[in-house]
Amino acid sequence: MVRLVLLLSLMVPVACKVDAFKCPADDPLHIPHERYQSGDLLIGGIASQIFCTFSQFHFQTHPSNNVYQVPQMVTKFYQHILAMAFAISEINENPKILPNITLGSHIYDSYYDVRLTYCSTLSLLFKSQRLVPNYICDSQKTLIAVIGGLDSETSFHMADILSIYKTPQLTYGSFAQEERSARQFPSFYHMVPNEAQQCTGIIKLLQHFGWTWVGLFAVDDDSGDHFLQTLEPLFSQHRICWAFTQRLPNQLNWETVYDLNIVISNMRLSFNDTKAHTFIFYGESRTVITLNYFMFLADQGYKDNMSWRKVWIMTAQVDFAFTGLQQASDLRFFQGALSFRIHVKEPLGFHNFLKEIKPYWEPKDGYLKEFWEQAFACSLPALWDPEKDDASCTGEERLDSLPGHVFEMSMTGHSYSIYNAVYATAHALHAMHSSMSKYREILWSKRFEFHHLHPWQQGWPISVCNDFCHPGSWKKKKEGEKFCCYDCVPCPEGKISSQKDMVDCIKCPEDQHSNKDKDGCISKVITFLSFEEPLGITLALLAVSCFLITAFVLGIFIKNKDTPLVKANNRDLTYVLLISLLLCFVCSLLFLGKPSTVICFIRQSAFGIVFSMAVSCVLAKTITVVLAFMATQPGSGLQKWVGKRLSNSIVLSCSLVQAGICMVWLSTTPPFPDLDIHSMTDEIVAECNEGSVVMFYIVLGYLGLLSLISLIVAFFARKLPNSFNEAKFITFSMLIFCSVWMSFVPTYLSTKGKYMVAVEIFSILASSAALLAWIFSVKCYIILLRPDLNSRDQMIRQKY
């Protein structure tokens, strides 16, 4: 509360007093500050001299009443108006530029407020004694161009109005985005350099001093957003980091005290960063005023607090200036700041011109009295009451006695931009007159009539059916209309257009794809299912886990090879099946990692042969169970078929058939490493080309045939007596096995890239795990946990 009272004491309410023209009482919104200089042609101006606190509208009184409450003038910026007056004076005295023509000026203020910026702009265009939009009541008022504003926000608000009436606008203080202003406002001209050059300068400055950890203060508006977006990739490219980013409002708003407290708390944290000794400041002059208020609220003794002393890098838009009520402030806090500067070449005579300024040198200057009183901290008598004796100003005060943050005698960068803007307008008029006189034979000896001159005549008129198609789109003719009328259609995926008005989009090279804006091609990234990514790690861990479990089961069966349970289930055939499952799990690892010539050559063949061996073992076990039951029937002649010879023959013959298919495949069209550049839009997939898709599906088909036969045989043998009930477990295992591989085909065909490989690995692991679990889980349970059931008598009597 104490800080709030101290700050408000700096902002003592002062009534806005104006000695300039006064509009009638029925004006929609009275603009109290303006400067008028008569002339045949007028150059308008929107200055940014006055800060005013505005009362809220409650729709209970006329909106023009009590609008302005606390006016504060940025006295240093009064030089902007004087620079414009000086330039006009030079041009009027120069007979070579506009002979027999005098230039004048009409200047209003933006008050750093959106409503008054619009109102001031409309007043420049239409106001004589009363503002009537779209009606020019004063036939002698010929406005040819407008200079302003000081910041990007004011400039674009002005452009909203001026662009409607094709009035040229020359902005002098903002680094507005050129692309945006050129596209939306064709009559919008910049008197300042491009901001990108300033960002490059900041990077070089930081590199020169080796500053790699810096803080950043940026104004909280569109220009601040654009600055951050431009600077961020440059920081990353040059390995520079920012410690924090603090956004600042352009003006204080006391109605949102909670938001102010948040900014103040963040500012304390920013200044307490002991590692960041360099701060970059991006904003405008009024942002510096706001920063001073915030620092005062955060720490009243901030000027003497050495821990708050930093090296400031200020952008060129910033001019160290204070309002008239802040004259007690100084610039000690910013001592040693590095500031970019707009190029200035001070005109001859400007310094002497400033020395001649006195309180009443121009009676139609509504800013001068406000400036004089706030700059010299005195009061002037009113022109209508010169006998009033309470005035403290003598009228003999000198501008060169004021400190630099109050008023400068040398021309500032903003003033120089205004000076050049006036001359640019004058030279454009001169060039236009010369061009017109060439064809119309107008003599300079006769006064040139400018009364019917329109602002749009100074620029190239645009008359097209529709706007240009920007890069990233192409021209599509509108049906039923002239060929010059077209729609701008975005380029499809994989195509770009890098120029305006392209008739078609260009396809990117096969190893590249279009960027987000479709105006350039970028290289595709080579991808494959690697051991490092989460999916690859998961599949590899599953494969290794299943391999270890299978090895553990195999060890159990070898250790208990002489027990009745192991013998009764064809011990040798069980070993072959477990070894085949081990190889199946190992085989799945061949599909991970970047494909090579050797891996591609063997992985599908190894998969087909090993799986055929495993399935043929299951088929042999099932047939053995069936024949063993049938051989026990009286008078059966199948006893000679029961034994190891039949099972070994089944496994060997079935495996050899698959091996023969793979040999034909490898000898005719072997698989090889390949790059798939078509499946994915932004990736190149490193894969194994199967060589012959037909042979790949023959291998799968043969494997499916063995699985189906095993399932059918096991299904019909599932109701055999309990002594031979292994067929039930084989039935369940083969049912899952067949389900997995029946789902594999459509899933494999519907996926792309590295996920096709993941589908195949998952199918291998799932089907192999099903065989392992259903066939061996019960047997391991009996061997390890119920050894009492592992006897010949129990096997005959009980179901296991």
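Helices (H or I, at least four residues) and strands (E, at least two) are DSSP runs, numbered from the N terminus.

The structure is a predicted model, in which local features need pLDDT of at least 70 and side-chain atom pairs count only at pLDDT 80 or more, while totals for chains, interfaces and linings use all residues. Residues are numbered from 1 along each chain as its sequence is written, and side-chain values use heavy atoms, with hydrogens and water left out.

Let me start with the chain as a whole. The protein chain holds 21 helices and 22 strands. Of its 800 residues, 49% are buried; buried means under 20% relative accessible area, exposed means over 50%, and partly exposed lies in between, with a 1.4 Å probe and protein chains only. The chain exposes about 39,100 Å², and carbon and sulfur atoms supply 60% of that area. Accessible areas come from the Shrake-Rupley method with a 1.4 Å probe, and for residues only the protein chains shown count as cover. A contact means heavy atoms within 4.5 Å. Among contacts in the chain with a separation of 6 or more, 71% join residues 24 or more positions apart.

I turn now to the sheet of six strands. What is the order of its strands? The order is β1-β5-β2-β6-β7-β8, in an open sheet with mixed pairing. Two strands pair if DSSP finds at least two bridges between them. The edge strands, β1 (34-37) and β8 (188-190), each pair on one side only. From one strand to the next, the twist averages 20°. Here axes are lines fitted to C-alpha atoms, for helices over the stretch in contact, and angles run from 0 to 180 degrees between N-to-C directions.

Individual pairs show how this sheet is put together. β1 is antiparallel to β5 (residues 103-109), with four bridges between them, and Arg-35 has Ile-107 in β5 as its bridge partner. β2 and β6, in contrast, run parallel and are joined by four bridges; there Gly-44 has Val-146 in β6 as its bridge partner. β6 also pairs in the parallel sense with β7 (residues 169-171), over two bridges.

Two helices lie across this sheet. Helix α2 (residues 78-92) lies across β1, β2 (41-47), β5 and β6 (143-147), and runs at about 170° to β5. Helix α3 (residues 114-126) lies across β2, β5 and β6, at about 155° to β5.

Is Ile-147 buried or exposed? Ile-147 counts as buried because its relative accessibility is 2%. Ile-147 stands opposite Leu-170 in β7. The C-alpha atoms of Ile-147 and Gly-45 are separated by 4.7 Å, although the two residues are 102 residues apart along the chain. Leaving aside residues up to four places away in sequence, Ile-147 touches several residues, including Met-84, Met-158, Ile-418, Ala-421 and Val-422.

β21 (residues 672-676) and β22 (residues 683-689) pair in the antiparallel sense over five bridges, and a hairpin of six residues joins β21 to β22. In this pair, Asp-676 stands opposite Val-685 in β22.

Which residues make the nonpolar surface patch of about 450 Å²? The patch is made by Phe-552, Tyr-781, Leu-784 and Leu-785. Helix α20 (residues 754-785) gives the most to this patch, with three residues. Phe-552 lies in helix α13 (residues 534-559), and Phe-552 counts as exposed because its relative accessibility is 53%.

A further phenylalanine, Phe-716, belongs to helix α18 (residues 693-716). Phe-716 is exposed, with a relative accessible area of 66%. Phe-716 and Thr-731 are 15 residues apart in sequence and 9.0 Å apart in space, C-alpha to C-alpha.For the patch just described, patches are made of residues with over 30% relative accessible area and no salt bridge, where like charges are joined within 9 Å and nonpolar side chains (Val, Leu, Ile, Met, Phe, Trp, Tyr) within 5 Å. A salt bridge is a side-chain nitrogen of Lys or Arg within 4 Å of a carboxyl oxygen of Asp or Glu. Thank you.
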